[in-house]
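Student: I would like to learn how to read a structural model with some care. Could we go through it feature by feature, with the general idea before each case?

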Amino acid sequence: MQGEINGLKTLILKDNPSAYCIHCFAHQLQLTLVAVAKKYYDVDKFFDIVANVLNIVGSSFKRRNMLREDQAKKLEELQVLGEVHTGSGLNQELGLQRSGDTRWGSHFKTVRNFIALFSSIINVLEFLASEGVNYLERSVAKSLVNDIRSFEFVHMIFLMLKLLAITNDLNIALQRKDQDIVNAMKLVGFAKRQLQVIERI
């Protein structure tokens, strides 16, 4: 079941109630990772904060535009300083997409883009904290600024980036159409060893 057609599983089960649907290796891994992560308070809290920031910053065109403009301004400053290179395919505009429990790699992309846009996100939230339309909006924005500037959040975002990079590589490898179970188990073993190295640090 690759999820290419919405409701396909339901249609198949309606025609043949004894059918047994099997998720691909990558989908099983993603579902397992999400289930395990939600059992840990710190990880669950981290993703709640990220989701709240994405909801606040991405809830209006004006805020998304502020994020884009701030990102473009920072890129221009880096070009003047010679810290980034220009060329085809370089310096693409980054967006903040919401992560989905069943979308492969979406958590990794969300965390990676959040880090890249961190200062722009802070600027948008600080603007909302002082210029928000009502007290609730200002209060929520101020609270989120404090949350994402905390040591715990910054530590967690870089830890999650490392963990999700390892599992993202594994997900990509497991999605290959010619993947067999023996090779898949070797890849899982390799990812497990990488995760154990991080655990010892």
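Predicted model: local features only at pLDDT ≥ 70, side-chain atom pairs only at ≥ 80, totals over all residues.

Student: How is Arg-64 classed by its relative accessibility, and what is Arg-64 in contact with?

Tutor: Buried means under 20% relative accessible area, exposed over 50%, and partly exposed in between (1.4 Å probe, protein chains only). Arg-64 has 35% relative accessibility and therefore counts as partly exposed. Contact means heavy atoms within 4.5 Å, and, leaving aside its neighbours within four places in sequence, Arg-64 is in contact with Val-57, Gly-58 and Ser-59. The C-alpha atoms of Arg-64 and Ile-121 are separated by 9.8 Å, although these residues are 57 apart along the chain.

Student: How many helices and strands does the chain have?

Tutor: The chain has nine helices and zero strands, and its pattern, read along the sequence, is α-α-α-α-α-α-α-α-α. Of its 201 residues, 28% count as buried. Among contacts between residues at least 6 apart in sequence, 63% join residues at least 24 apart.

Student: How should I read the packing of two helices?

Tutor: Two packed helices are described by the angle between their axes and the distance between the axes. Axes are lines fitted to C-alpha atoms, for helices over the stretch in contact, and angles run from 0 to 180 degrees between N-to-C directions. Angles under 35 degrees count as roughly parallel, over 145 as roughly antiparallel, 65 to 115 as roughly perpendicular and the rest as oblique. Here, the axes of helix H3 (residues 41–57) and helix H5 (residues 106–116) come within 12 Å and cross at roughly 70 degrees, so H3 and H5 are roughly perpendicular to each other.

Student: Which residues of H3 and H5 meet?

Tutor: From H3, Phe-46, Phe-47, Val-50, Val-53 and Leu-54 meet His-107, Thr-110, Val-111 and Phe-114 of H5. By class, this contact of H3 with H5 has seven nonpolar, two polar and no charged residues, given that Ala, Val, Leu, Ile, Met, Phe, Trp, Tyr, Cys and Pro count as nonpolar, Asp, Glu, Lys and Arg as charged, and the others, Gly among them, as polar.

Student: At what angle do H5 and helix H8 pack?

Tutor: H5 and helix H8 (residues 151–174) pack at an angle of about 140 degrees, with their axes 9 Å apart, and they are therefore oblique to each other. The contact includes Phe-108 and Ile-115 of H5 together with Leu-161 and Ala-165 of H8, and its residues divide into 10 nonpolar, two polar and one charged. H8 also packs with H3, the axes of H3 and H8 coming within 11 Å and crossing at roughly 100 degrees, so this pair is roughly perpendicular.

Student: What should I look for in a salt bridge, and how many does the structure hold?

Tutor: Side chains of opposite charge can pair when their charged atoms come close. A salt bridge is a side-chain nitrogen of Lys or Arg within 4 Å of a carboxyl oxygen of Asp or Glu, and the structure holds three salt bridges. In one of them Arg-63 pairs with Glu-137, the closest N and O atoms being 2.4 Å apart. Arg-63 lies in helix H4 (residues 61–81) and Glu-137 in helix H7 (residues 135–149), so the pair ties together parts that are 74 residues apart in sequence. Both Arg-63 and Glu-137 are buried.

Student: Where do Asp-70 and Lys-74 lie?

Tutor: Asp-70 and Lys-74 both lie in helix H4, four residues apart, about one turn of the helix, and their side chains meet in a salt bridge (3.0 Å, N to O). Asp-70 counts as buried at 13% relative accessibility, whereas Lys-74 is partly exposed, with a relative accessible area of 24%. Glu-126 forms a salt bridge with Arg-149, with the closest N and O atoms 2.7 Å apart.

Definitions and conventions: Residues numbered from 1 in each chain as written. Heavy atoms only, no water. Helix = DSSP H or I, 4+ residues; strand = E, 2+ residues; numbered from the N terminus.
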